[in-house]
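Student: I would like to go through the charged side chains here, and then the helices. Could we begin with the structure in view?

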Amino acid sequence: MYTRNIVCLPPTDDTTKPIAIPRGESRARLNEAGLIGKIAINSAWKAADVEREISTTFASSFLLPDGAPLAFDYSR
């Protein structure tokens, strides 16, 4: 089992620009909005399991009903 910090970045209008890693004040704003969390990932999980963990982590920030998936793209 691995524990990782995860940041949910809102989409940008200009997809040609690289995504900056939030630091300082911008990271604090994301944290206050509930867009930074910690997830636990099991190495045996499939992609759907990771997606479910991410959706659960941010469900309250996006007012998702229990078990509802969060639409997102991965970024590394």
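Tutor: In this predicted model, Glu 25 and Arg 29 form a salt bridge through their side chains, with an N to O distance of 3.0 Å.

Student: How far apart are Glu 25 and Arg 29 in helix 1?

Tutor: They are four residues apart in helix 1 (residues 24-32), so about one helical turn separates them.

Student: Is Glu 25 buried or exposed? And what about Arg 29?

Tutor: Glu 25 is exposed, at 62% relative accessible area. Arg 29 counts as partly exposed, at 48%.

Student: How many salt bridges does a search of the whole structure find?

Tutor: The search finds two. Besides the pair in helix 1, the side chains of Arg 52 and Asp 49 meet at 2.5 Å, N to O. Both residues belong to helix 2 (residues 47-58), where they lie three residues apart, about one turn of the helix. Asp 49 is partly exposed, with a relative accessible area of 24%.

Student: Changing topic: what span should helix 2 have?

Tutor: With 12 residues at 1.5 Å a residue, helix 2 should span 16 Å. Its end C-alpha atoms are 17 Å apart, which agrees.

Student: Which residues of helix 2 are buried?

Tutor: They are Val 50, Ile 54, Ser 55 and Phe 58. Viewed down the axis of helix 2, the buried residues fall within an arc of 135°, so they line one face of the helix.

Student: What do those buried residues pack against?

Tutor: The buried residues of helix 2 pack against strand 1 (2-7) and strand 2 (36-41).

Terms used: Residues are numbered from 1 along each chain as its sequence is written. This is a predicted model: local features need pLDDT of at least 70, side-chain atom pairs count only at pLDDT 80 or more; totals for chains, interfaces and linings use all residues. Side-chain values use heavy atoms; hydrogens and water are left out. A salt bridge is a side-chain nitrogen of Lys or Arg within 4 Å of a carboxyl oxygen of Asp or Glu. Helices (H or I, at least four residues) and strands (E, at least two) are DSSP runs, numbered from the N terminus. Buried means under 20% relative accessible area, exposed over 50%, partly exposed in between (1.4 Å probe, protein chains only). The expected span of a helix is 1.5 Å times one less than its number of residues. The arc is that of the directions from the helix axis to the C-beta atoms. Contact means heavy atoms within 4.5 Å.
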